[in-house]
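Dear colleague,

Please find below the structure for your review. A summary of the findings follows it.

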Amino acid sequence: NSIWKVKFKPEGGASHAELFSCLLSGNIALIEKDNFDQLASSLPAERVQEALFRYWKIEGPESFSVGLQQAFFQLGDTYLIERQGFACNTPTYIRLFDVCRFLSVNAALIEPGRIGARQLNMSAWDIQRLAYLVRLGYAAHYMPRDAALQSLRRLSVAARAHYTSWEDFSISALIGM
């Protein structure tokens, strides 16, 4: 799909698919002043450990493994709830609607017509957080490169299945954030 095309070349021999997967963590990486165009984080090892603890309370390889499994499991729950059609009555949905109103009406950052049903869930935010968790876990040597790339491929498939473009994904991630 051409709408999902990445407009710059990967560095360091990364494939286009690998770059796409790493870009899924872009917003959080920018907040952390980290790169987002390669698998490994550019943060020093101490900052990687700080971010893992701050966002996920991860203190080592064992808590990373558990946290990663939980995050993938919860990502599946988000899609299941949405497909069954009862997400609109949840407190999360109501908070997301309030955020949409703020972003479109009060802050005028997003045109109201650009916000659709796909944005009113936590899927993009979950994908984004999980992509960054994988990248930090790889940087901390908590998972091998092949496992990290496999996890990112799963997230890429989820993003492409649920969102139609980078703009669609980014709006949803911003709302979820």
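Phe-64 and Tyr-142 are both buried in this predicted model. Their ring centres lie 5.7 Å apart, and the planes stand at 45 degrees, so the pair is classed as tilted. The two residues come from distant parts of the chain: Phe-64 belongs to helix α4, whereas Tyr-142 sits in the loop between α6 and α7, and 78 residues separate them.

A second ring pair is formed by Tyr-163 and Phe-169, with centres 5.6 Å apart and planes at 80 degrees, so this one is edge-to-face. Tyr-163 has a relative accessible area of 2% and is therefore buried. Phe-169 is likewise buried, at 3%. Both residues belong to a cluster that ring pairs build from Phe-20, Tyr-163, Trp-166 and Phe-169. The count of aromatic pairs in the model comes to five.

The axes of helix α1 (residues 16-23) and helix α7 (residues 145-162) come within 9 Å and cross at roughly 75 degrees. Angles of 65 to 115 degrees count as roughly perpendicular, which means that α1 is roughly perpendicular to α7. On the α1 side the contact is made by Glu-18, Phe-20, Ser-21 and Cys-22. On the α7 side, Arg-145, Leu-149, Leu-152, Arg-153, Ser-156 and Arg-160 contribute. By class, four of the contact residues are nonpolar, two are polar and four are charged.

Two charged side chains are placed over aromatic rings. Arg-154 lies over the face of Phe-72, at 4.0 Å from the ring centre. Lys-57 lies over the face of Phe-53, and in that case the value is 5.1 Å.

Lys-57 is located in the loop between α3 (45-56) and α4 (61-84). Because its relative accessibility is 53%, Lys-57 counts as exposed.

Which non-glycine residue has a positive phi of about 65 degrees? That residue is His-141, found in the loop between α6 (123-139) and α7. With a relative accessibility of 71%, His-141 counts as exposed. The loop between α6 and α7 thus holds the exposed His-141 and also Tyr-142, which is buried.

With kind regards

Terms used:
Residues numbered from 1 in each chain as written. Predicted model: local features only at pLDDT ≥ 70, side-chain atom pairs only at ≥ 80, totals over all residues. Heavy atoms only, no water. Axes fitted to C-alpha atoms, helices over the stretch in contact; angles between N-to-C directions. Helix = DSSP H or I, 4+ residues; strand = E, 2+ residues; numbered from the N terminus. Parallel < 35°, antiparallel > 145°, perpendicular 65-115°, else oblique. Contact = heavy atoms within 4.5 Å. Nonpolar A, V, L, I, M, F, W, Y, C, P; charged D, E, K, R; others polar. Buried < 20%, exposed > 50% of the residue type's maximum accessible area, 1.4 Å probe, protein only. Phe/Tyr/Trp six-rings, centres within 6.5 Å; stacked < 30°, edge-to-face > 60°. Lys NZ or Arg CZ within 6 Å of the ring centre and 35° of its normal.
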